[in-house]
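Subject: Structure for you to look at

Hello,

Here is the structure I promised to pass on. Please open it first, then read my notes below.

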Amino acid sequence: MATETTTTNPSSVNLTNMEEVKKVFNRFDTNHDGKISSTELISIMKSLGSDTSEDEVKQMMTKIDTDNDGYITLEEFAGFCKDDTADDGGMKELHEAFELYDLNNNGLISSTELHQILTRLGENVSVEDCVGMIKSVDADGDGFVNFEEFKKMMSNGKVEP
């Protein structure tokens, strides 16, 4: 008798996207214990310049922590990243994520903005590295990532020109 599970089946997420999800998860998991606590979530949001309240973080934890153990596992995080069953298809969360990187609020993520955010997250990357990252998802070739390119990258791990 088969039972349905709430964890994400790795074969249902393409490899590139799952690798990206794991990289993001590992940035949030600051003590590297394989799970994200509400304290880690608050800390990373503040380091990104977000003014997310503790109540908003509790709501995020409730939504993502499907087994209600007080922590977000990689499987729960991947499921949340893949989940498009929300009323707006996750667009609100996607816009919020995009806005964290769009520091000057011009609707575009530049290599400089990406560099600033990644540096705040403790990543040791150069601006040139960030130019390459931008180029890899920049479908229209303008040197920036717009919301549509960001959305495609987050939903399927690649951007089609």
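Is Arg 27 buried, partly exposed or exposed? Arg 27 is partly exposed, because its relative accessible area is 23%. I come back to this residue below. One caution before the rest: this is a predicted model.

**Overall layout**

The protein has 161 residues, and 33% of them are buried. Its secondary structure amounts to 8 helices and 4 strands. Along the sequence, they follow the pattern α-β-α-α-β-α-α-β-α-α-β-α. The accessible surface is about 10,100 Å². Carbon and sulfur atoms hold 51% of that surface. Residues 24 or more positions apart account for 47% of them.

**The core**

The largest nonpolar core has 32 residues. Which of them touch the most other members? They are Ile 36, Leu 41, Ile 72, Ile 109, Leu 114 and Phe 150. At least two core residues come from each of α1 (15-28), α2 (38-47), α3 (54-64), α4 (74-82), α5 (91-101), α6 (111-120), α7 (127-137) and α8 (147-156). The core also takes at least three residues from domain 1 (18-87) and at least three from domain 2 (102-155). As background, nonpolar side chains tend to be buried together in soluble globular proteins.

Look at Ile 72 in more detail. Leaving out residues up to four places away in sequence, Ile 72 touches Phe 25, Gly 34, Lys 35, Ile 36, Leu 41, Met 61, Ile 64 and Phe 77.

Ser 37 counts as buried because its relative accessibility is 16%, and the cut-off is under 20%. With residues up to four places away in sequence left out, Ser 37 touches Met 61, Gly 70 and Tyr 71.

Start with α2. Its buried residues are Glu 40, Leu 41, Ile 44 and Met 45. They cover an arc of only 130° around the axis, so they lie on the same side of α2. On the other side of α2, Thr 39 and Lys 46 are exposed.

Now α7. Here the buried residues are Cys 130, Ile 134 and Val 137. Viewed down the axis of α7, they fall within an arc of 70°, so they line one face of the helix. The face turned away from the buried side carries the exposed residues Glu 128, Lys 135 and Ser 136.

**Salt bridges**

How many salt bridges does a search of the whole structure find? The search finds 2.

One joins Glu 123 to Arg 27, with the closest N and O atoms 3.2 Å apart. This pair links distant parts of the chain. Glu 123 is in the loop between α6 and α7, Arg 27 is in helix α1, and they are 96 residues apart. Glu 123 is partly exposed, with a relative accessible area of 30%. As noted above, Arg 27 is partly exposed at 23%.

The side chains of Glu 148 and Lys 151 form a salt bridge as well, at 3.3 Å from N to O. Where do these two sit? They are both in helix α8, 3 residues apart, so about one helical turn separates them. Glu 148 is partly exposed, at 41% relative accessibility. Lys 151 is partly exposed too, at 23%.

**A pair far apart in sequence**

Glu 20 is in helix α1. At 39% relative accessibility, Glu 20 counts as partly exposed. Glu 20 and Met 153 are 133 residues apart in sequence. In space, they are 9.8 Å apart, C-alpha to C-alpha.

**Two asparagines to check**

Most residues other than glycine have a negative phi. Against that background, look at Asn 68. Phi of Asn 68 is positive, near 55°. Asn 68 is in the loop between α3 and β2 (72-73). Asn 68 is exposed, with a relative accessible area of 61%.

Then turn to Asn 105. Phi of Asn 105 is positive, near 55°. Asn 105 lies in the loop between α5 and β3 (108-109). Asn 105 counts as exposed, at 62% relative accessibility.

Best wishes

Notes. Residues are numbered from 1 along each chain as its sequence is written. This is a predicted model: local features need pLDDT of at least 70, side-chain atom pairs count only at pLDDT 80 or more; totals for chains, interfaces and linings use all residues. Side-chain values use heavy atoms; hydrogens and water are left out. A nonpolar core is a set of buried Ala, Val, Leu, Ile, Met, Phe, Trp, Tyr and Cys residues joined through side-chain atoms within 4.5 Å. Buried means under 20% relative accessible area, exposed over 50%, partly exposed in between (1.4 Å probe, protein chains only). Domain bounds come from an automatic or database domain assignment. Contact means heavy atoms within 4.5 Å. A salt bridge is a side-chain nitrogen of Lys or Arg within 4 Å of a carboxyl oxygen of Asp or Glu. Accessible areas come from the Shrake-Rupley method with a 1.4 Å probe; for residues, only the protein chains shown count as cover. The arc is that of the directions from the helix axis to the C-beta atoms.
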